[in-house]
Every structure is written in structure tokens, then in C-alpha cells.
Amino acid sequence: MKKKIGILYSTVDGQTLKICEKISKKLEVKGHNSDLIEISSFNKTVLDYSTLIIGASVRYGKHNKKVTQFIQKNKGNLEQIKTAFFSVNLVARKSDKNTHESNPYVVKYFKKIKWKPQIIDVFAGRLDYDLYPFFDRLMIKLIMKITNGPTKSDKPIEYTDWKRVDEFAKKICQN
């Protein structure tokens, strides 16, 4: 059965959008219609969709407050349809922090918002020091130093596991 799927996202550097685009293409190949919408531009009702996916990036340890506000405002309707959530963060590059049960940002987030979608995942992001403004570059380098990550790179480092993104999209298509 063909589903109408909404994909809402919040992104800082574009990786979450890139992941959403990949998911949308996978869904369309499986015969589903999907709308890809930046979360602050969403002007429909949640119940217009049989499934709603929310993708949110983390910056400085937090998901965008617009994502939290959207979930809080629509929690009742979200509980009436199939929902999925994924977080994009660089901590997820580590194998011991790349599940929703082990990623500290996701664990903390779901305790805070008291909502649980049926499908949850975490994807590592992309590290591109040339893309960041000076202050962000310094802060991210400090965080990387503390977490034993790379503090220098001549080119962007793609940490996203695209096979895992494909698996996430497959779960969405299942009943």
C-alpha cells in the first residue's frame, strides 16, 4: 500500500538534509510519496501523513529547539501515526555511541521530551573544518581533541554510514 510520508528536518551544515534526501529517494523507489520539509517551514497537519520522519542534527550537544517545540506541540497527533526519528551527530562516529540506546545526546533528548517514536536511529555526520565559522571551528576542534577525533583535515571527512541510512528507510516502508 502506498504511503504518504512526511520527512521533516533541522540541519546546521547540510548533512541532515543530505540524509533526508537519500531516505526520500529510497522511499520513492519503494513506491511511496514523500514530502521533504524544513521543520520551521512545516505548515500542514501531522495527520496529513501516515508516517512522519524527523531528522535533527546536534550542535554543541543539543538538538535544535525548533524540533523540540514541534514535537511538544504535536505530540498527541504524532502518537496517532507511525513515527521515526534520527539524530545526526559526530559522537555517533564511535561504535559505542552510534545507537539510540548508547548515544548520549539521543538518550538525554528522549528523557527530556517524553516522546518515543516507533523507529529511532543515530547517524554520524560529516566533519568539514573549512565550512565552519572561526568560533565553531575552534569549538569543534576542542571537542574533537577531547574525544580523540581528528583536529586537522585537508578535506571533509564523511562519517555517515549510508548502508545504515538505507536500512532505516527500509524500516519505514515496513508495516
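This talk goes through the strands, salt bridges, cysteines and surface of one predicted structure.

Good morning. The model before you is predicted, so local features need pLDDT of at least 70 and side-chain atom pairs count only at pLDDT 80 or more, while totals for chains, interfaces and linings use all residues. Residues are numbered from 1 along each chain as its sequence is written, and side-chain values use heavy atoms, with hydrogens and water left out.

I begin with the strands. Helices (H or I, at least four residues) and strands (E, at least two) are DSSP runs, numbered from the N terminus. Two strands are said to pair if DSSP finds at least two bridges between them. Strand β5 covers residues 82–88, and five bridges join β5 to β6 in a parallel arrangement. On the side of β3, seven bridges connect that strand to β5, and these two also run parallel.

Which residues face each other? A56 stands opposite S87 in β5. In β6, A84 has I119 as its bridge partner, and V88 has F123. Between β5 and β6 the chain passes through helix α3, residues 104–113, and this β-α-β crossover is right-handed. The term right-handed means that, with the strands pointing away from the viewer, the path from the first strand over the helix to the second runs clockwise.

Are these strands buried or exposed? Here, buried means under 20% relative accessible area, exposed means over 50%, and partly exposed lies in between, with a 1.4 Å probe and protein chains only. Seven of the seven residues of β5 are buried, so β5 is largely enclosed by the rest of the structure. From β5, the residues K82, A84, F86 and V88 point one way, and T83, F85 and S87 point the other way. Strand β6, residues 119–123, is likewise largely enclosed, because five of its five residues are buried. In β6, I119, D121 and F123 point one way, whereas I120 and V122 point the other.

A salt bridge is a side-chain nitrogen of Lys or Arg within 4 Å of a carboxyl oxygen of Asp or Glu. By this rule the count is 12. D121 forms one with R164, and their closest N and O atoms are 2.4 Å apart. Because D121 lies in strand β6 and R164 in helix α5 (residues 162–173), the pair ties together parts that are 43 residues apart in sequence. D121 is buried, at a relative accessible area of 7%, while R164 is partly exposed, at 22%.

A second pair is D136 with R59, whose side chains meet in a salt bridge of 3.3 Å, N to O. This pair links distant parts of the chain, since D136 is in helix α4 (residues 134–146) and R59 is in strand β3, 77 residues apart. Both partners count as buried: D136 has 17% relative accessibility, and R59 has 19%.

K170 and E167 form a salt bridge in which the closest N and O atoms are 3.4 Å apart. Being three residues apart in helix α5, K170 and E167 are separated by about one helical turn. K170 is partly exposed at 43% relative accessibility, and E167 is partly exposed at 42%.

What of the cysteines? A disulfide is a pair of cysteine sulfur atoms within 2.5 Å, and a search of the whole structure finds zero of them. For C20, the nearest cysteine sulfur is that of C173, 15 Å away. C20 is buried, with a relative accessible area of 0%, and C173 is buried, with 18%.

Finally, the surface. Y60, F135 and I143 form a nonpolar patch with about 300 Å² of accessible area together. Patches are made of residues with over 30% relative accessible area and no salt bridge, where like charges are joined within 9 Å and nonpolar side chains (Val, Leu, Ile, Met, Phe, Trp, Tyr) within 5 Å. Accessible areas come from the Shrake-Rupley method with a 1.4 Å probe; for residues, only the protein chains shown count as cover. Y60 sits in the loop between β3 (51–59) and β4 (62–63), and is partly exposed at 38% relative accessibility. Another loop, between β2 (33–38) and β3, holds N43, which counts as exposed at 68% relative accessibility.
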